[in-house]
Amino acid sequence: MNPIGFRVARPSPPGPPPTLRYLAEQAVGIDAECRDCRHRVVLGFERFLGRYGDLPFPDFARLMKCSACGKVDVRLSWPSRA
């Protein structure tokens, strides 16, 4: 895990980091958990597309904060494969 708490559940392909739009198209979610109070939420990217569009995910992850204390670990929540 890097200093901002960004973890990827599967290896990233070579090239630029994925954008919010790409991740929304892949039905990937955001799994965010507070480092201190352990508040946890899984969100979809769709709600952020209007504001952030094609922002690379690592840049977006740095913007996320816990609503209670401001500290958060962010992971990608990939859809399960049947």
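1. Cysteines first: the disulfide count here is zero. Keep in mind that this is a predicted model. The pair to look at is Cys 37 and Cys 34, since the closest cysteine sulfur to that of Cys 37 sits in Cys 34, at 3.4 Å. A disulfide would need the two sulfurs within 2.5 Å, so this pair is too far apart for a bond.

2. Cys 34 is buried, with a relative accessibility of 1%. Cys 37 comes out as partly exposed, at 41%.

3. Now for Glu 33, which lies in strand β2, spanning residues 29–34. Its relative accessible area is 19%, and the cut-off for buried is under 20%, so Glu 33 counts as buried. The Glu 33 side chain has a polar contact with the side chain of Arg 38, at 3.1 Å. Leaving aside residues up to four places away in sequence, Glu 33 touches Arg 38, His 39, Arg 40, Lys 71, Val 72, Asp 73 and Arg 75.

4. On to the largest nonpolar core, which has 17 residues. The members touching the most other members are Leu 20, Ile 30, Phe 45, Phe 57, Phe 60, Met 64 and Val 74. Two or more residues come from each of α1 (20–25), β2, α2 (46–52), α3 (57–63) and β4 (72–77).

5. Not counting residues up to four places away in sequence, its contacts include Phe 45, Phe 48, Phe 60, Met 64 and Val 74. Ile 30 also touches Val 41, Val 42, Leu 43 and Gly 44, along with Arg 75 and Ser 77.

Methods. Residues numbered from 1 in each chain as written. Predicted model: local features only at pLDDT ≥ 70, side-chain atom pairs only at ≥ 80, totals over all residues. Heavy atoms only, no water. Helix = DSSP H or I, 4+ residues; strand = E, 2+ residues; numbered from the N terminus. Buried < 20%, exposed > 50% of the residue type's maximum accessible area, 1.4 Å probe, protein only. Polar contact = N/O pair within 3.5 Å; in protein donor to acceptor, adjacent residues only side chain to side chain. Contact = heavy atoms within 4.5 Å. Core = buried A, V, L, I, M, F, W, Y, C linked by side-chain atoms within 4.5 Å.
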